[in-house]
Amino acid sequence: MKTAKFTFIALGLAAVLSGCSAQHSAKHEEAVVQNQAALGILWMQQSGEYQALAYQAFNAALSEFERSKAAKGKKKAVVVDLDETMMDNSPYAAWQVKNNMPFEAETWTQWVNARQTLAIPGAVEFANRVNAKGGTVFYVSNRRDDVERSATIEDMQKLGFPKVNDKTLLLKKQTSNKAERFKQITAQGYDIVVYVGDNLNDFGEATYRKSNRERRDFVAANRTRFGSKFILLPNPNYGDWEGGLHKDYYKGGAKNKLEIRKATLKAWDGK
Ligand SMILES: [Mg+2]
């Protein structure tokens, strides 16, 4: 009886300990996932190279805007994404690294509502130049219309973005697929001559929820448009390309992500 009792206690203790260690290792794996982002975030925040690429993108976008003519009877428009295209959210990303926190809708909304979003170099000047030259900038973003709109408008105005209003600021209502919102713009008599984004999904729905192979095929098929109609800002930290790594990327926890990341690396065999 004594032995049975002892075995029962020992088994119980082992179960608790293994539960603790599973919890501990899940926490550790999440920390590794977040810390792998540190170098990319530092590059965006600190390197002159990142800033140069941002200026390069907006210089190209402005030349294309000036060069292009709207279709007959149409008004010239430019569509820009917000996050990591016009607006810099790297402090939220850095918070994730320092606190080993995954991206979550709730903390993201808290960040947006903290009203500390910064501007990407060249973005404010670009939007002002387009509007001054008779164009209209439409801000098409997947920030949430219901709980992130007023803070977004306040920050954009504070940063100096022009004409932020009900017509030009199109946030996410039902879907993150932007195609519907692009149609809304053209239905109002606009010809979108330039798209600026940090995600292929900012250029249309061809890449929406597609694998990286399909996303690369889209890029190859549209190779002559990059640097003119399609202007891309670099974002090594996040984007739909991450989920594009594997169809099950978001179906497991941090351990699953780390395994997929490692397995997907194309590596030299050392010989
Ligand atoms: Mg973006």
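This is a predicted model: local features need pLDDT of at least 70, side-chain atom pairs count only at pLDDT 80 or more; totals for chains, interfaces and linings use all residues.
Local features need pLDDT of at least 70, side-chain atom pairs count only at pLDDT 80 or more, and totals for chains, interfaces and linings use all residues. Residues are numbered from 1 along each chain as its sequence is written, and side-chain values use heavy atoms, with hydrogens and water left out.

**View 1. Protein donors of the magnesium ion.** Asp81 (OD), Asp83 (O) and Asp198 (OD) lie 2.1 to 2.2 Å from the ion. Donors are N, O and S atoms within 2.8 Å of the metal (3.2 Å for Na, K and Ca); water is not among the atoms, so the site may look incomplete. The donor spacing in sequence is D-x1-D-x114-D. Asp81 sits in the loop between β1 (75-80) and β2 (87-88), and Asp198, 117 residues apart from it, in the loop between β6 (190-197) and α9 (212-221). Helices (H or I, at least four residues) and strands (E, at least two) are DSSP runs, numbered from the N terminus. Both Asp81 and Asp198 are buried (under 20% relative accessible area, 1.4 Å probe, protein chains only).

View 2. Asp202 is buried, at 5% relative accessible area. Its side chain makes a polar contact with the side chain of Lys178 (2.8 Å). Such a contact is a pair of N or O atoms within 3.5 Å; within protein, one must be able to donate a hydrogen and the other to accept it, and residues adjacent in sequence count only if both atoms are side-chain atoms. A polar atom of the Asp202 side chain also lies 3.0 Å from the backbone nitrogen of Asp198.

**View 3. Lining of the second largest pocket, by class.** Three nonpolar, four polar and six charged residues form the lining. Ala, Val, Leu, Ile, Met, Phe, Trp, Tyr, Cys and Pro count as nonpolar, Asp, Glu, Lys and Arg as charged, and the others, Gly among them, as polar.

Methods: Buried means under 20% relative accessible area, exposed over 50%, partly exposed in between (1.4 Å probe, protein chains only).
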